[in-house]
Each structure stands twice: as C-alpha cells, then as structure tokens.
Amino acid sequence: MTQLWDFAGGIHPPENKQQSTSRPIRPAGIPERLIIPLQQHIGQRAEPVVQVGDRVLKGQKIADVRSGLGVPVHAPTSGIVESIGEHPVPHPSGLADLCVFLRPDGEDQWRPRSPVRDYRELDRDTVLGLIREAGIAGMGGAGFPTNVKLSPPRDRKVHTLILNGAECEPYITADDMTMRERADDVVAGLKVMAWLLRPERCVIGIEDNKPEAAEAMRKACEGTQTEVVVIPTKYPSGGEKQLIRILTGLEVPSGGIPADIGVMCQNIGTAVAVARAVFNDEPLISRVVTLTGGALREPGNVDALIGTPMSYLLERAGWRPEQVGRLVLGGPMMGFTLPDTEVPVTKTSNCVIAATATELPAPPPQQPCIRCGQCAEVCPMELLPQQLFWHARAEEFDKAEHLNLFDCIECGACAYVCPSAIPLVQYYRFAKGEIRVQRAEQAKADRARERFEARQARLEREQQEKEQKRRERAKAAAEAQARKRAEAEQATARDDAGEVDERAAKAALVRQALERKKARTGAPAAAEPPDLEALEKQWLQARAKLDTMQGLLAEAKAKQADNVDKLERAVAKNQERVQRAEQALNDARQSLQNPSQTTH
Amino acid sequence: MAFVQQSSPHTHRARPTSRVMLWVILATLPGLLAQTLFFGWGNLINVLWCVGLAVVAEAAVLWLRKKPLSVFLRDNTAAVTGLLLGLSLPPLAPWWVSAVAVVTAIVIAKQLYGGLGSNPFNPAMAGYALVLISFPVAMTTNWPEAAMLFQGAPDFADTLARIFSGTQTAIDGWTMATPLDEYKHKVATHTAAEILRHPTFGEGIARGWEWVNAAFLAGGLCLLALRIMTWHIPVSFLAGLGLMSLAFGSNPDQHAPLSLHLLAGGTMLGAFFIATDPVTAATSHQGKLIYGAGIGILVYLIRTWGNYPDAVAFSVLLMNFAVPFIDYYTPPRTFGHHKARRGLPSRNRG
C-alpha cells in the first residue's frame, strides 16, 4: 500500500458525475464548420501557414509558432480553409481571437502519416520534436506546451512522474471515461513520457469515486513499474500541488514549479495525445469533452474535433436551451461561464455544463463577513481567506500580498462554504489583477525613472566634461600665452628669437632681471667715461637682432602664423632698442667731445 | 443567445449565517431547559424578553441606518445576542436591567461599530459588563435558590411579577448566593467541608448549576459535531481555566475546586457560546488557542483574586482587546512556505 498524505482543508461538493458516465465516449461527428483558434496554449499565438481557399488534409499543420513558446495547430479534418479571422474563443474574458474557419469536405482524408516503429531507437530530442509537432499542450486546463514541460533543465531531475487522474471537480468525467476506455493509450503515453524523463517512480493518482477507472488502469499497468494509487475523494485533490502533496508528501515551494522538488504532473488526456502522436503520427486534433448538466437529455462524453462549436455538441446531446440557466466551460468550481454557444472546443476544453437555474442557482445576496473562519478551514493552501478578503476589499494590496495572496489557486472552496455568500474568489482575482497592474506600472515608472536619472547623469557628466575641457583649454591658453610671452621676451633677450625653449625663456628672464638691476645699479656707473666701443657693439647687435626679427615677422606673415602680433610687438621693441642704443652712442660721442657738460 | 455570466465557483453549498445562528439558538435549548428546570421560569422569561427587545432594537437601528431590514433581520444574529444575555443575566433580574444590557449590546456594542461583522467587542458581554458594573446589587441578589420546577419554585406569574414589577411578596427568601459567590466569600474563614454544607451546593458539585453546565456542554458539543465552530476556543478556554485551577487552587480549603470552576457559573455557556463568537475572536487556529486560553486564565484570575464571583464577561472583553494583537502574530503557515509571515508588510520592501 502506497503511503498517502493529506492536504489541509478541502470540501466535498456533490459529485454529479454519474450523469455523464452511463454512456461510452461517442464520436461527436464533423460539424458544418470548424472554428480553430490559433492560441490554444500558453505562449505565442500560432501564425497561419495556409491561405484562404486552400484545401487541407486531416492532420495537416495549419498554423505554427515560428519563434518563442508555443505549439502548432492542425486541421482536425480535411476541408477548405474558408477564412481566417477573429471569433470569440473560450476564455473568461469572452474576447475574440484569431481563428481559422475550416469547411470540412466530409472525406476526412488524412495527410500521409509515418508512425514511429520504436521511439526508443530515436534520441530524446527527436521524440520531443514529435510531441511538439503534434501540437500537444497540457490538456488539463493551462495548456502549457508539453514538449517544453517534458524537458526540464538538467538541474531539475524529475524523480516522480505523476499522472493526474484525480479529476476532483464535480460533473467532469472526461479523464474518468478516458481511463476506462483508453487505458492502454494512457499507459503507452505515460511510458513515452517516462522514457523521456527517466523518473524513479511513476504514479497514477485516481480519486476513490472512480473505481472503474482505477481498475482499468491497474489492468493496463500490469507488469509495469507504474503504481496506480487510489486517493480519497476531496476537492481539490486534483490540484497539482495538492496531488503532489497527497502522493509524495512534498510541498511545491511558493512561487516554484513541481520540477523544483523533482516531481512532474501530467494530464490523462495529454498522455493519450502523446501516445497517438508517437505511435500513430496523429497530431492533437480532437479531445474528450464531457457534456453534462440538467438541460441536456443525453449527457455523456464525446470525442470532439478541436474547433467544433459548442452549439453543435449541445444540440447532439439533446439540449433544451430554454432550460439553461448558465453554460459553464470546465467544472462548477473553477470553470467559467460562456456568453453563447458559438465558441469552439479547444485543446483545453474538458467539460461543458448546460446547467438549469435550479442546478447552479444564482448566488444569494452577499452579506457581511462574520469572520466565522469556515473559509480558512477549507482552504487547501492554508491561507487566511477572510483577511485576504478584507484587504482586497479595502484595496490594501500590500497587506493581501503579505498574506500570500499569490499562493491562492482560486479553487473556490472558500466561496463554496461562505455563510455570507461572499464571492471571495472574485475579490482575490480583483486584487491579483490590481497588483499585477500596479506592478506593471511600477516597473514602467521604474524604467522611466531610471531613464530619467540616466539622462540627468549623462547631462551632468557632459556638463562637467565641458567644464573640464573649458578649464583645460583656458589653462592651455594661459600656458601658451605665458610660453609665447616668454618666447617673445626670450626673443628680445637672445638673438636666437625663434627658439621656443623654456630654459632659454627663463634664462632670458634672468638676464632681463640682471639687466634691470644693472640699469638701476648702473646709473652711477654712467659717470664713468662711456665705453664707445661697447655702445657701438650694442647698437650693432640691436640692429642685427632687429633685422632678424623683421625677417621672422615677414616669414610669419607669409605663413599667417598666429605669432604675428607678438613678433610685431617684438620688432617694435627692438626698433626702440636700436634707437636707444643709437641715442646712447650719440650721447657718448658728444660727452666725449665736451666732458664738462656731463652732469649727475 | 446570452446566458448568465458569473464568476466561479458556480456552486455554493454553505450554511447561511441565518442557519448558523439558528443552530446556535437550538444548541442553547438544553441549557435553557436545565436552567428552567432547576431555577424556575426566570431565565425563560428573560430570554424571551431579551430576544424580543434585541430584535426591536436591531430593527430600529437598521431603520435609522437605512439598511434593508429584510436582509439583516433575517440573519438571526440579534436574536442570538438577546438569547445569550437572557441566559447569562440573573434569572430574576428586573426588566430594566436586561433592557439596559440588551440596548447597550445591540445599539452601542454592535450597530454603532458598523453592525454585523464589524464590532470589536462581544455585544452580549459588553451589555452584561455594563449592567454588572452599573447595577451590582441587582446583578448579585437575583439568583434564585435552586428548586425543581413545579416542586417548590415560584410559578410563572409570580416570576413574571417579580421581574417586571419588582414585587417580592410571594417569593421572599427565594434568592441566594451562587455557589461561586458563596465559596469565594466563605473560603477565607471556613473549610471546604463547612462551605459545602450550604444548600446552594446541594449534594453534587453545585446544585442545579452542574446540570445547567452539562446541558450547555452538550449543546456545545452538538455545534462542534455540526462543524458550526471549531474545538479550539472551547478546549483552550477550559484547559486554561483547568490548568490555572490545578496550579494555584488544588487545595479546596484555600480555593474553589476545579469541579466547581468547570461546572458552576457561566463556564460552559461562556466556553461554547460566548467566547466562540467568531466576529470578535481570533482568526487562525493558533490564535484561537491563545484567545481561548487567555479567557480561561482570566476567568480563573478574576474569580479567585478579583472582586467578582464570575468573570466570563470581563475575560471575553479583555481578550477581545487582544484579538488584533493575537492575529498579528499568529497567521498560519501557507502551503509551500517555510514559515508563517507575521506582522504587516514592511514599507521599504523592494
């Protein structure tokens, strides 16, 4: 006997399953027109690969996802592509999405098929490719591409593969009937998945209200390692996290996926689809749908082509439209209502309930919460539903999040037992939606702020760089000025005026200073008899320098060099000097002629 | 064709609040029956009077608050408040004492705080505490001597006259101290054996009271079996009271014995019908255990060292104060988490 664990909470709503298990699975037939949505999985929408007017064969790919997450979509039967356009799809929002409209030609002609003789001879990636090409996405409800799920990252070794046959929602019997009638397909698909994952343990979990299914699975699993485990009936034991807990005692960490703890859950219908894809080369073009509810004369399960309008199925099940109170897609606990019957069957549609108004009556008016705590008693995630409700209603989303709002699986157990008839799940959905919007806005605002801050920083940096450059330029200019001045002055001091040598400039300055000192201290020396020879030499030297300077100036002018001004000034100075030297020479000559006139 | 659009879940199989309250009312009937059998018509008259007044008071306030009477009056919550007051007030308490208690409970403790679900304090106990403090004499001298109905107890008309007109002629010497009161006041000067000779104790633990408490216990167990409430508060209440009694009052010559604590006074009524008021109790299982144990401990403390012979009302109100604090520290661990997230979200997160 396999050890079983229990999960907290849970409820026992009336099962209402016997209505749809009295008949075997019937083929639903081919409707006049198929409406095939292109987004039936999580990820990118498939893009059509056929044109309007094309004739397609059964199983032919009509749309594919070229890049990103997703799986292709196939023609469920042979026929003509009538159009491609928007049509309401089964989604809680009731919005329309892109669909391919196919007019069946009634021949139901298959495309050429090439089934794999022995998948074990192929490598795993090829088998995963087969599963992807068959358009298989989890048929339990989420529609996650199965090939991606079956190739977890290397560090997430799956030790337990679970086939979810719990089917805990009332009314739904699609998996139950599949296990009863197609047990071998289920096991074959499970074997393929087990071959891909190499788990240590394979378990099929079935609630104890489905003894026939459990028996059929046991028979089909004879001689294999697969365990068929019958678990107590309690909603929501078929929730992934709950089933894992029941069968392994492990808890999927908050925010994590089962692969984090080495477990994977697969759906019964998905297993059948995998088996058909690998062994028959049949893509996922039909599924078992439970048609039930008090407004149907012949409730039961049908094998319906993907794209079959609900109205077609309901009519063939003998529905009495005037009795329908609400039309639910999925189960009564987590399903959503359909606005009309024109929406098509998709890969994830497991059940349609045409319920009378007495069967699923309108909820009584909401009353104040009396904090009775029934909701917390039944919550399978061990949350505090009433606190979440208070916070959601008060729009204190941070507090709701703090109380782990996002761990809520929206199973509806709390609302089911609420004595005040508060639509609790609706409040949680509202809060989650608001938080997601806020997060998106926050992220957007953060990005904007980051961009703004980056821009500010850049502007500041540029400003600083500019400033720096300006300072550097000013410094360079000052240095150049000083250098040029020095140059110029050096030029006055030395004959070698063209040299721009700092040392020379300094030497010139020193010399100048000495000259000035000499000029000051040399005043009394003037009383001495002037050295005519020296003065004459000085005058000649000054004349020679002036000539050189003038030559330089002419050259600079010809080159339009930027030291023209300087040179001009230097030339002017030298001219003065030449004049002064000439003057001094003349004075000296005169004083030598009449020394008595010498004063001082 | 358009059908009803509704958010899941689409089925709802709950006991509505009104039915929950009805079960609570039904579960008190054994206790009321025992009270009537052992103490005469007083409690029954009180209950009818209080329930009627509570419903009228509720209707008046709802009308003033412009709330739909048809919805809110049908939830039976006002009736339960009145019922609990009728069961816990002294059987011969004059009509105006009950009236003050009921009006306080419904108008002030419940409706002024926002009505059903919004009141922080147990309405019945708020009303009870008010009259206990305001009219101590009326609240302690109107406990009748235990006498089997039709076997010595005053008849219905006499009781009615006593309650509504205050005449005492026909029933002179008919009242006596309750067992808890008697024990408390005698224990300092008498031995246990001497105290227990007093007729209020009868041959068992506390004449009449033991049956009343047993009947409330039985009714409470029915509510547990029906899953109207969980076991946490009653069990922790009784455990808190019992452990205190064992720890501090094991000598009957010094303190009232455990049997008296459990089966006299309002113990079982308090544990199963008053402390379990969901609106004013703690939320999580752990919180409920703390809340219940706190009430049990306070009941013992006040009964033993306080001024009042019984203490359910004060204990419940004191723990009502503590409920937000308890809830703050006792959220359950959520599935898939290692630890419970206590307290409030930190502001500087992220």
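Trainee: How many residues of domain 1 of chain B are in contact with domain 2 of chain B?

Mentor: 29 residues of domain 1 of chain B are in contact with 27 residues of domain 2 of chain B. Contact means C-beta atoms, placed from the backbone, within 7 Å. This is a predicted model: local features need pLDDT of at least 70, side-chain atom pairs count only at pLDDT 80 or more, and totals for chains, interfaces and linings use all residues. Residues are numbered from 1 along each chain as its sequence is written, with chains lettered from A and ligands numbered from 1 in the order in which they are written.

Trainee: Which element gives the most on the domain 1 side of chain B?

Mentor: α1(B), with twelve residues. Helices are DSSP runs of H or I, at least four residues; strands are E runs, at least two; both are numbered from the N terminus.

Trainee: And how does that side divide by class?

Mentor: The domain 1 side that touches domain 2 of chain B has 22 nonpolar, seven polar and no charged residues. Nonpolar is Ala, Val, Leu, Ile, Met, Phe, Trp, Tyr, Cys and Pro; charged is Asp, Glu, Lys and Arg; the others, Gly among them, are polar.

Trainee: Where are the domain bounds in chain B?

Mentor: Domain 1 is 16-177 and domain 2 is 191-329. The bounds come from an automatic or database domain assignment. Taken over C-alpha atoms, the centres of the two domains are 20 Å apart.

Trainee: New topic. At what angle do α5(B) and α6(B) pack?

Mentor: About 135 degrees, with axes 8 Å apart. Axes are lines fitted to C-alpha atoms, for helices over the stretch in contact, and angles run from 0 to 180 degrees between N-to-C directions. The pair is therefore oblique. Under 35 degrees is roughly parallel, over 145 roughly antiparallel, 65 to 115 roughly perpendicular, and the rest oblique.

Trainee: Which residues of α5(B) and α6(B) meet?

Mentor: Val97(B), Val100(B) and Ile106(B) are among those in α5(B). Those in α6(B) include Pro123(B), Tyr128(B) and Leu130(B). By class, this contact has 13 nonpolar, two polar and one charged residues.

Trainee: What about residues 288-305 of chain B?

Mentor: That span is 100% helix and 0% strand, with end C-alpha atoms 25 Å apart. Residues 311-329 of chain B are 95% helix and 0% strand, with ends 26 Å apart.

Definitions and conventions
Two residues are in contact if their C-beta atoms, placed from the backbone, lie within 7 Å.
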